[in-house]
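This report describes the arrangement of one protein chain for a reader who is new to structural analysis. Please keep the sequence and the model in view while reading.

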Amino acid sequence: MASDAEPTPAAGLTHVRADGTAHMVDVSGKAVTARRAAAAGRVLLSPAAVAALRGGVVPKGDALGVARIAGIQAVKRTPELVPLAHPVAVHAVEVDLDVADDGVDIRAVVRTADRTGIEMEALTAVSVAALALVDMVKAVDRHARITDIRVIAKSGGRSGDWEEA
């Protein structure tokens with residue numbers, strides 16, 4: 001039976017009530033601050049797929065462009081995909097894909113001025129851009145592998161700034 005009382009976090013976990021159930025944290029009392037998060041990841045590809053990307057001859061078309069747009073679109077859908085993520089006002093999204101000798105490096109930077117962080121949005125951008133890239137090159141490389149998706153930097157908010165070493 002649900003209680004109308006404000007949930008008490010269990011053992012310091014912010015998204016867990018005293019009874020162990022998950023809930024969305026109330027951020028209404030937090031100040032609006034400028035926030036930025038960056039995430040990165042890789043898609044490992046065969047030499048044939050790398051050559052197709054570099055030569056602009058991927059059978060489905062502009063694989064890098066499609067992946068970039070997919071990443072941007074995904075940012076706006078993050079609260080629908082990540083159950084406890086708050087809807088935030090997204091003010092800027094950059095998704096960059098760089099072809100390397102063994103695949104594609106993906107980087108996303110997301111900015112907002114809101115009450116909570118935007119790391120999940122940056123991770124979602126990289127994840128969906130990687131998925132779209134795999135879809136675009138699967139005719140050339142059935143063994144494409146998504147790897148190393150992670151937050152690489154964040155700024156703003158109570159916990160301050162952080163960057164991957």
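The largest pocket is lined by 25 residues, and those nearest its centre are His15, Lys30, Thr116, Gly117 and Glu119. The model under discussion is a predicted one. The volume of this largest pocket is about 600 Å³. Its lining comprises eight nonpolar, nine polar and eight charged residues. At least two residues of the lining come from each of S1, H4 and S4.

The sheet is considered next. Strands of a sheet pair through backbone hydrogen bonds, in either a parallel or an antiparallel manner. Here, five strands make up an open sheet with antiparallel pairing, in the order S2-S3-S1-S4-S5. Strands S2 (92-100) and S5 (162-163) are at the edges with a single partner strand each, so one side of each has no neighbour in the sheet.

Strand S4 (residues 145-155) takes part in two pairings, described here in turn. With strand S1 (residues 33-44), S4 forms an antiparallel pair over eight bridges. With S5, S4 is joined by two bridges, and these strands also run antiparallel. The table lists residues that stand opposite one another in these pairs.

| Residue | Opposite residue and its strand |
|---|---|
| Arg36 | Ser155 in S4 |
| Ala38 | Ala153 in S4 |
| Ala153 | Glu163 in S5 |

Helix H1 (residues 47-55) lies across S2 and strand S3 (103-114), and its direction is at about 120° to S2. Helix H4 packs on the sheet, where it touches S1, S2, S3 and S4, and its direction makes about 25° with that of S1.

Which angle describes the packing of H2 and H4? Helix H2 (residues 63-75) and helix H4 (residues 119-137) pack at about 145°, and their axes are 7 Å apart. The crossing of H2 past H4 is right-handed. Among the residues making the contact are Ala63, Leu64, Val66 and Ala67 of H2, together with Glu121, Thr124, Ala125 and Val128 of H4. By class, this contact has 14 nonpolar, two polar and one charged residues.

Definitions and conventions. Residues numbered from 1 in each chain as written. Predicted model: local features only at pLDDT ≥ 70, side-chain atom pairs only at ≥ 80, totals over all residues. Heavy atoms only, no water. Axes fitted to C-alpha atoms, helices over the stretch in contact; angles between N-to-C directions. Helix = DSSP H or I, 4+ residues; strand = E, 2+ residues; numbered from the N terminus. Left-handed = near helix turned anticlockwise from the far one by under 90°. Contact = heavy atoms within 4.5 Å. Nonpolar A, V, L, I, M, F, W, Y, C, P; charged D, E, K, R; others polar. Pairing = 2+ DSSP bridges. 1 Å grid on protein atoms, 1.4 Å probe; cavity = no way out; pocket = protein on both sides within 12 Å on 5 of 7 lines; lining within 4 Å. Points joined across faces, edges and corners; volume = space filled by probe spheres on them.
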